[in-house]
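The following report describes how selected parts of a protein model are arranged. Please keep the sequence and the structure in view while reading.

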Amino acid sequence: MRLFTASLATESNSFSPIPTDRRSFEECVYFRPGEHPDRPTHSTASLWVARNRAAQEGFELIEGSCFWAEPSAPVVQADYESMRDEILAQLEAALPVDGVLLGLHGAMLAQGCDDCEGELIERVRELVGPAAVIGVAFDPHCHLTEKRVRNANVIILFKEYPHTDFVERAEELVSLVTRTIRGEIHPVMSLYDCRMDDLFPTTREPARSFVAKMKVHEARPEMLSVSLAHGFTQGDVADQGVRVLVVTDDAKAKGDALALELGDEVRARRGTWRPPHCSIDEAIDLAYAAEAGPVVVADPSDNAGGGAASDNTNVLRRLLERGCGDAAIGPFWDPFAVAICHTKEIGSTFPLRFGGKASAASGAPVDAEVTLIGLKRDGWQSFGTAKVSFGDAAGIRIATAGGSVDVTLISNRTQALGTEIFSDVGIDLASKRYIGVKSTHHFHAAYAPIASEVIYCDGLGPSPLDSRLYPYRKISRPHWPHDELPPGRFLV
Ligand SMILES: [Zn+2]
């Protein structure tokens with residue numbers, strides 16, 4: 001048995017001011033064949049799992065290139081094509097193969113293509129022929145199009161948000177693909193479009209129980225896999241939205257029935273899946289009224305993980321104006337300010353302008369007398385078993401009427417995933433009352449354990465929390481909450 005594997009992944013924000021080209025991938029993740037390290041990343045877990053299983057189970061694995069870029073604007077078309085064609089050429093050279101494993105994100109757009117993953121899977125199918133088995137891993141924040149489902153044999157999405165289960169799902173994908181090649185199972189997929197958008201953090205109800213329910217269904221006879229595609233509201237494409245995918249062992253009618261049942265539950269509970277969000281001032285009031293600290297306050301409106309610049313200054317400005325003390329906030333993406341800090345002595349005080357640069361939605365920059373409290377070269381933060389770079393970084397302290405606010409500045413744009421993004425630049429999180437993180441929900445894995453409480457505020461940054469505020473041109477209407485909820489529909 002011969003399997004080929006490769007990865008091409010990013011999450012494209014149609015409204016992001018940050019450009020994405022081939023270099024954006026090469027600066028984040030670019031492993032050529034044989035270069036993949038002996039640890040999984042979020043989008044390459046299938047490769048890592050298959051590499052470990054190949055030796056145990058006696059199959060041959062041919063590794064192709066792996067690309068991942070931090071979310072930002074749609075990819076330069078020629079660069080997308082160069083990465084796609086690099087992988088396809090490697091696959092062609094590896095033929096014949098019995099199967100292909102693709103680690104994709106599923107919300108990648110190019111300037112001239114709204115369904116990069118659908119096109120890639122379709123071209124893989126053309127190369128390998130109808131008999132080969134194609135297995136795909138997606139992030140749940142994907143646009144799960146009909147083209148992808150019709151050209152693949154098995155698709156599995158991460159179930160958890162934060163996506164801490166990427167290795168578990170890769171284990172399942174490799175198992176289903178190899179069992180299919182051996183003729184033990186015959187996967188058939190059902191895809192149901194809920195025709196709505198929402199947000200599904202699985203650390204809280206009702207999404208926590210929904211994940212448990214999907215797993216109970218997976219234990220039933222003939223059920224191979226159940227996934228919920230959350231969709232990605234910052235992508236302006238016709239196929240944006242929430243979808244349910246069920247993979248059965250040659251039992252399409254049962255798969256359709258389950259997809260309909262789960263999809264209708266998602267639809268009936270629309271609007272209740274997302275956590276409540278308060279205003280910037282309400283969040284500050286709640287944090288300082290809490291009996292104990294630290295209170296972690298997330299600002300999803302400036303989440304680099306969704307393509308925002310992560311340099312919006314609205315929340316920090318209110319912390320400073322209100323004279324808050326024992327506060328920390330970040331990360332602010334500002335390579336220029338980081339470079340300035342790296343020329344200074346730790347403990348020195350100097351005037352610094354930072355933040356508020358990428359676009360009008362970043363707000364005005366902050367000008368402050370800052371004290372340098374820490375420096376880091378080539379910093380890395382933890383996300384489960386994965387490591388994510390935040391580049392060179394600096395910790396600065398701004399004195400306020402109530403004490404001080406510590407700020408972490410980074411040079412590789414990323415959201416707050418691990419606590420290293422603060423601790424590596426001299427910021428002691430345990431001593432804080434208020435910890436502000438720029439992240440929608442991935443922060444939760446590392447920050448909830450150190451928080452007395454987690455709250456979410458709308459920092460009025462570039463990614464509105466209310467999807468009705470985006471200037472969409474392409475999403476398929478009617479679609480809730482932009483319209484009355486239309487009837488759900490089967491796509492496959
Ligand atoms: Zn995601």
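Helix 2 and helix 6 cross in the right-handed sense; a crossing is right-handed if the near helix is turned clockwise from the far one by less than a right angle, and left-handed if anticlockwise. Helices (H or I, at least four residues) and strands (E, at least two) are DSSP runs, numbered from the N terminus. The model is a predicted one, in which local features need pLDDT of at least 70 and side-chain atom pairs count only at pLDDT 80 or more, while totals for chains, interfaces and linings use all residues. Residues are numbered from 1 along each chain as its sequence is written.

Two helix pairs can be set side by side. Axes are lines fitted to C-alpha atoms, for helices over the stretch in contact, and angles run from 0 to 180 degrees between N-to-C directions.

| Helix pair | Angle | Axis separation |
|---|---|---|
| Helix 2 (residues 45-57) and helix 6 (residues 166-181) | about 50° | 9 Å |
| Helix 9 (residues 280-289) and helix 10 (residues 314-321) | about 55° | 10 Å |

Which residues bring helix 2 and helix 6 together? Helix 2 contributes Ala 45, Ser 46, Val 49, Ala 50, Arg 53 and Glu 57, and these meet residues of helix 6 including Phe 166, Val 167 and Ala 170. Two residues are in contact if their C-beta atoms, placed from the backbone, lie within 7 Å. By class, this contact of helix 2 with helix 6 has 8 nonpolar, 2 polar and 3 charged residues. Ala, Val, Leu, Ile, Met, Phe, Trp, Tyr, Cys and Pro count as nonpolar, Asp, Glu, Lys and Arg as charged, and the others, Gly among them, as polar.

The model also contains an open sheet of 4 strands in the order 8-9-7-18, with antiparallel pairing. Strand 8 (223-229) and strand 18 (489-490) stand at the edges with a single partner strand each, so one side of each lacks a neighbour in the sheet. Strand 7 (residues 187-193) pairs with strand 18 over 2 bridges; two strands pair if DSSP finds at least two bridges between them. Tyr 192 has Phe 490 in strand 18 as its bridge partner.
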